[in-house]
Amino acid sequence: MYHPILILMLQERLMLPCISKQVLGIDCPGCGLQRSIALLLHGDLVASFQMYPALFPMIALFGFLALNRFVVFKKANAITIGLAGLTVFSILANYALKLFN
């Protein structure tokens with residue numbers, strides 16, 4: 001069962017517009033993130049991944065950072081750097097694919 005505020009946030013008409021797309025006419029590296037989160041919260045993992053593939057490494061990174069606040073990992077720094085690198089690579093690769101397709 002959905003919370004009323006969550007349902008309001010998932011409505012496309014209430015999502016923030018991309019200033020880069022409005023002003024310059026091109027997507028920014030974050031275009032698709034809001035819709036991808038909305039699709040993920042609706043339970044549609046495949047459509048969420050297709051909309052913005054970088055969301056999943058981003059969730060892994062933020063999840064690890066949150067977990068690391070409570071459970072200290074021996075190689076936390078290396079794991080954080082690796083997940084951050086994977087996230088940045090995913091964002092840039094997604095953006096490049098959008099630009100050239």
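Colleague: What share of the contacts in the protein chain with a separation of 6 or more comes from residues 24 or more positions apart?

Modeller: That share is 36%, where contact means heavy atoms within 4.5 Å. Bear in mind that this is a predicted model: local features need pLDDT of at least 70, side-chain atom pairs count only at pLDDT 80 or more, and totals for chains, interfaces and linings use all residues. Residues are numbered from 1 along each chain as its sequence is written, and side-chain values use heavy atoms, with hydrogens and water left out.

Colleague: How many helices and strands are there in the protein chain?

Modeller: Six helices and zero strands, which reads as α-α-α-α-α-α along the sequence. Both are DSSP runs numbered from the N terminus (helices: H or I, at least four residues; strands: E, at least two).

Colleague: Why are H5 and H6 called roughly antiparallel to each other?

Modeller: The axes of H5 (residues 55–70) and H6 (residues 76–100) come within 8 Å and cross at roughly 160°. On the 0 to 180 degree scale between N-to-C directions, with axes fitted to C-alpha atoms over the stretch in contact, angles over 145 count as roughly antiparallel (under 35 roughly parallel, 65 to 115 roughly perpendicular, the rest oblique). H5 and H6 are therefore roughly antiparallel.

Colleague: Which residues make the contact of H5 with H6?

Modeller: H5 brings Pro-57, Met-58, Ala-60, Leu-61, Phe-64, Leu-65 and Asn-68, while H6 brings Ala-76, Ile-79, Thr-80, Leu-83, Ala-84, Leu-86, Thr-87, Ser-90 and Ile-91. By class, that contact has 12 nonpolar, four polar and no charged residues.

Colleague: What makes up the largest nonpolar core?

Modeller: Five residues: Tyr-52, Ala-54, Leu-55, Met-58 and Ile-91. To belong, they must be buried Ala, Val, Leu, Ile, Met, Phe, Trp, Tyr or Cys, joined through side-chain atoms within 4.5 Å. Ile-91 touches Pro-29, Tyr-52, Ala-54 and Met-58, not counting residues up to four places away in sequence.

Colleague: Why does Asn-94 count as buried?

Modeller: Buried means under 20% relative accessible area, exposed over 50%, partly exposed in between (1.4 Å probe, protein chains only). Asn-94 comes out at 10%, so it counts as buried. Leaving aside neighbours within four places in sequence, Asn-94 is in contact with Tyr-52 and Pro-53. Across the 101 residues of the chain, buried ones make up 23%.

Colleague: And why does Ala-93 count as partly exposed?

Modeller: Its relative accessibility is 27%, so Ala-93 lands in the partly exposed class. Ala-93 lies in helix H6, and its C-alpha is 9.4 Å from that of Pro-53, 40 residues apart in sequence.

Note on methods
Ala, Val, Leu, Ile, Met, Phe, Trp, Tyr, Cys and Pro count as nonpolar, Asp, Glu, Lys and Arg as charged, and the others, Gly among them, as polar.
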